[in-house]
Amino acid sequence: MKLDRPVTGGPCWTELGTSDLDAAKRFYTTVFGWRPETDPRQEAGGYTVAHLGDAAVAALTPLYQETQPVAWNVSFAVEDADDAVQLVRAAGGLVLLGPMDVFDVGRFAVATDPTGAVFQLWQERTFPGAGLFNAPGTLGWVELMTREPKQAEAFYTRVFGWSVNASERYTQWGIEGDDFGGMVVMDDKFPPEVPPHWLPYFAVEDVDIAAADAAGAGGTVLMVPTSVPDGPRIAVLRDPQGAMFGVYLAGTEG
């Protein structure tokens, strides 16, 4: 993506809710070389931040509710979480949780768009989000999977003010033209039980090796390494607990 730091309206963080935190730590350390650090405070509930060098790049968490699926979640930066949830409701979305304070680091909410995709809102205080983007092992693209693209476009442009770069093949989201993600229309190739969702893509030095490493660590290759016409080489993977994520060749972000 063209963003190299968290900016208002753009993706600022991604975190995994998983049924086996220790197994997830091992898997993503193998695939991305992350250094996970779990917050020892009881009230943190096992929240684990993954680092590359000194940079915080993602989080791994236990499932906090029985109904919470194993999945990666994408957070978007907002100036005021309380104002943002009002915009979400006015645009036809639902607020599932919050806004609520997270210690002194920020204010947080979970919502769904009108098509059913879950996303998160983050108002920074002492923590703005990921300290590194687009480098190997870090977030570099976010993709909305939805069956109702027109409704999704109307919602996100109203809530976040995103720019839209649309072609016959693909729609890209941006902040004033700086693209950070895209939208895929879920067709008959997607099983009906798969809900709309946001999919994070992480940069890697070699997509084929990353896919092989994921498979060797107990994951599944859902989309084999593929070179997109006029785009990057990508693959879609699933970790051993069932969370999906993408990888792409570093240096070829949109």
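Pro 99 lies in strand β6, residues 94-102, where strands are DSSP runs of E of at least two residues and helices are runs of H or I of at least four, both numbered from the N terminus. The model is predicted: local features need pLDDT of at least 70, side-chain atom pairs count only at pLDDT 80 or more, and totals for chains, interfaces and linings use all residues. Residues are numbered from 1 along each chain as its sequence is written, and side-chain values use heavy atoms, with hydrogens and water left out. The secondary structure of the protein comes to four helices and 16 strands.

**Overall dimensions and surface**

- Along the principal axes, the C-alpha atoms fill a box of roughly 50 × 45 × 35 Å.
- The accessible surface is about 11600 Å², and carbon and sulfur atoms account for 51% of this surface. Areas come from the Shrake-Rupley method with a 1.4 Å probe; for residues, only the protein chains shown count as cover.
- Of the 254 residues, 48% count as buried. Buried means under 20% relative accessible area, exposed means over 50%, and partly exposed lies in between (1.4 Å probe, protein chains only).
- Among contacts between residues at least 6 apart in sequence, 60% join residues at least 24 apart. A contact means heavy atoms within 4.5 Å.

**Backbone features**

- The peptide bond from Gly 98 to Pro 99 is cis, with omega near 5°.
- Phe 103, in the loop between β6 and β7, has a positive phi of about 45° although it is not a glycine. Phe 103 counts as partly exposed because its relative accessibility is 38%.
- Asn 134 is not a glycine either, yet has a positive phi of about 70°. This residue is found in the loop between β8 and β9, and a relative accessible area of 13% makes Asn 134 buried.

**Buried polar residues**

- Thr 115 is in the loop between β7 (106-112) and β8. Its relative accessibility is 9%, so Thr 115 counts as buried.
- The side chains of Thr 115 and Thr 146 are joined by a polar contact of 3.0 Å. A polar contact is a pair of N or O atoms within 3.5 Å; within protein, one must be able to donate a hydrogen and the other to accept it, and residues adjacent in sequence count only if both atoms are side-chain atoms.
- Not counting residues up to four places away in sequence, Thr 115 touches Thr 146, Glu 148, Gln 151, Ala 152 and Pro 196.
- Asn 73 lies in strand β5, residues 71-77, and is buried at a relative accessible area of 14%.
- Beyond residues up to four places away in sequence, Asn 73 touches Trp 13, Thr 14, Glu 15, Gly 17, Val 118 and Gln 120.

**Partly exposed loop residues**

- Leu 132 sits in the loop between β8 (118-124) and β9 (139-146) and is partly exposed at 32% relative accessibility. Leaving aside neighbours within four places in sequence, Leu 132 is in contact with Ala 55, Ala 56, Val 57 and Thr 138.
- Leu 132 and Ala 117 are 15 residues apart in sequence, with a C-alpha to C-alpha separation of 25 Å.
- Phe 190 is in the loop between β12 (178-185) and β13 (197-204), and is partly exposed with a relative accessible area of 25%. Apart from residues up to four places away in sequence, Phe 190 touches Met 145, Arg 147, Val 184 and Val 185.
- Ala 217 is found in the loop between α4 (207-216) and β14 (220-227), and counts as partly exposed at 30% relative accessibility. Neighbours within four places in sequence aside, Ala 217 is in contact with Phe 27, Thr 30 and Pro 240.
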